[in-house]
Amino acid sequence: MTVEMVRPMRSMRPGMKEVVGDLYKKYGQRKPMGESSPSTWQPHFFLHRTFLGDQDLLIIFNTKRCKYRCHFCQLPAKSSPTLIPGSEIVSQFSFVVKELKHSLSVLDRLTFSTEGSVLDASTFPTEALLEIAEGINELRRVRTLVLETRLEFVDIDVLAQIREIAPRLSLNILTGFETHDPYLRNQVLFKREPLDVFERGLDRVAQAGAQLTTYVLFKPRWDMSDEEAVAEAEASIDYLAAQTKMRGLDFSVRLNPMYAADGSRWAKKAHVSPDYKPPRLTDVMRVAEKKRQEGVKIYIGMSTEGLDDGSNYLAREDYSPSLIKPVLLFNSGKIDSFSGYL
Ligand code: SF4
């Protein structure tokens with residue numbers, strides 16, 4: 001008996017390979033990030049993704065821009081200069097849940113960002129956040145709500161109201177710490193968040209019973225040596241570990257290799273510095289591995305959010321695409337060591 005090969009039907013329409021490949025490219029894990037929303041009724045970005053073992057829905061809402069102008073960040077430059085009303089921000093959430101209607105029953109967690117601070121009521125009205133919380137409460141599997149914000153905007157009463165509306169939720173405050181070094185914070189990054197303000201924010205996060213996730217920038221100064229960058233990142237993580245421990249605060253770190261954000265003041269200074277070299281991913285991996293072995297919950301931020309000007313860890317001589325897989329395994333908790341990969 002002969003077996004006839006079943007061949008895909010061909011016609012003038014695009015083949016399945018093209019159709020699915022194109023959709024995957026546009027809406028899969030590599031969905032382009034960094035573009036501004038075409039409308040105030042749609043967020044800048046959203047993605048249903050697996051994140052550290054959770055089914056996470058990330059939404060970057062389209063709101064009025066952040067009032068700060070940190071020298072390493074270009075987000076305010078692409079955001080609205082005027083207030084986007086709360087009703088339109090709520091509509092952005094509606095837009096996303098309608099787009100994802102077939103996935104709603106598997107979501108474990110939601111991550112809310114803006115190009116500023118979700119808890120800044122002058123850009124994201126509290127009433128809008130509370131109305132969205134009512135919707136989240138209908139998503140029966142969702143257990144965690146991550147809110148990205150500067151700590152000065154953490155308001156215990158607002159967090160308590162969210163909890164009252166959606167009692168199943170654990171709240172996780174996601175914030176950019178960047179570095180423990182006051183000079184780097186103020187003079188290099190121009191963050192305008194002194195350490196005592198950050199620490200008072202930690203007090204409120206702890207009082208609210210929320211968890212903390214913090215970004216630490218690896219090599220926040222352009223003229224640091226690779227060795228200085230390692231020492232600086234370790235000291236920043238140690239500072240966070242000590243500060244959260246004394247408050248009984250559960251915390252994790254996203255260690256972000258510094259990139260030059262296109263057009264930022266930081267990037268302009270870096271590119272005229274003869275000593276500028278982006279971080280080495282292998283150094284980032286070694287620090288992350290060491291800190292995890294010391295008990296810190298840590299993962300590595302690989303994304304430049306579509307905002308870099310090409311100066312990032314990919315440009316260093318140690319980089320190889322073969323490093324991506326172990327970083328992804330490390331981030332998902334499948335390995336705790338890079339032994340055999342570095
Ligand atoms: S890093 Fe945060 S606070 Fe600073 S300008 Fe960017 S969005 Fe605003």
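Which domains does the domain assignment of the protein give? The assignment, which comes from an automatic or database source, gives domain 1 (35–168) and domain 2 (175–203 + 213–333).

## About the model

Before we look around, a word on the ground rules. This is a predicted model, in which local features need pLDDT of at least 70 and side-chain atom pairs count only at pLDDT 80 or more, while totals for chains, interfaces and linings use all residues. Residues are numbered from 1 along each chain as its sequence is written.

## The protein as a whole

The protein contains ten helices and eight strands; helices (H or I, at least four residues) and strands (E, at least two) are DSSP runs, numbered from the N terminus. Its radius of gyration is 21 Å, close to the 20 Å that the globule rule gives for 342 residues, so the protein is as compact as a globular protein of that length. That radius is taken over C-alpha atoms, and the rule is 2.2 Å times the number of residues to the power 0.38. The C-alpha trace spans about 75 × 50 × 40 Å along its principal axes.

Of the 342 residues, 39% count as buried. Here a residue is buried if 20 or more other C-beta atoms lie within 10 Å of its own, exposed if 12 or fewer, and partly exposed in between, with C-beta atoms placed from the backbone. Among contacts with a separation of 6 or more, 78% come from residues 24 or more positions apart; two residues are in contact if their C-beta atoms, placed from the backbone, lie within 7 Å.

The C-alpha centres of domain 1 and domain 2 lie 24 Å apart. Across the boundary, 15 residues of domain 1 are in contact with 22 residues of domain 2. The side of domain 1 that touches domain 2 has nine nonpolar, four polar and two charged residues. In this scheme Ala, Val, Leu, Ile, Met, Phe, Trp, Tyr, Cys and Pro are nonpolar, Asp, Glu, Lys and Arg are charged, and the others, Gly among them, are polar.

Strand S1 (residues 45–51) and strand S2 (residues 54–60) are antiparallel partners over seven bridges; strands pair if DSSP finds at least two bridges between them. Thr-50 stands opposite Gln-55 in S2. The two strands form a hairpin with two residues between them, and Leu-52 in the turn has a positive phi of about 50°.

S2 also pairs with strand S3 (residues 109–113), this time in the parallel sense over five bridges, with Leu-58 opposite Thr-111 in S3. Together S2, helix H2 (residues 86–99) and S3 make a right-handed β-α-β unit. Right-handed means that, with the strands pointing away from the viewer, the path from the first strand over the helix to the second runs clockwise.

Is strand S6 (residues 211–218) largely enclosed or exposed? Six of its eight residues are buried, so S6 is largely enclosed by the rest of the structure. Strand S5 (residues 170–178) runs parallel to S6, joined by six bridges, and Ile-173 stands opposite Leu-212 in S6.

S6 pairs with strand S7 (residues 251–257) in the parallel sense over seven bridges, and Thr-214 stands opposite Val-253 in S7. From S6 the chain crosses through helix H7 (residues 226–245) to S7 in a right-handed β-α-β crossover.

## A look at Ile-156

Ile-156 lies in helix H4 (residues 156–165). With 14 C-beta neighbours inside 10 Å, Ile-156 counts as partly exposed. Leaving aside neighbours within four places in sequence, Ile-156 is in contact with Arg-204, Gln-207 and Ala-208.
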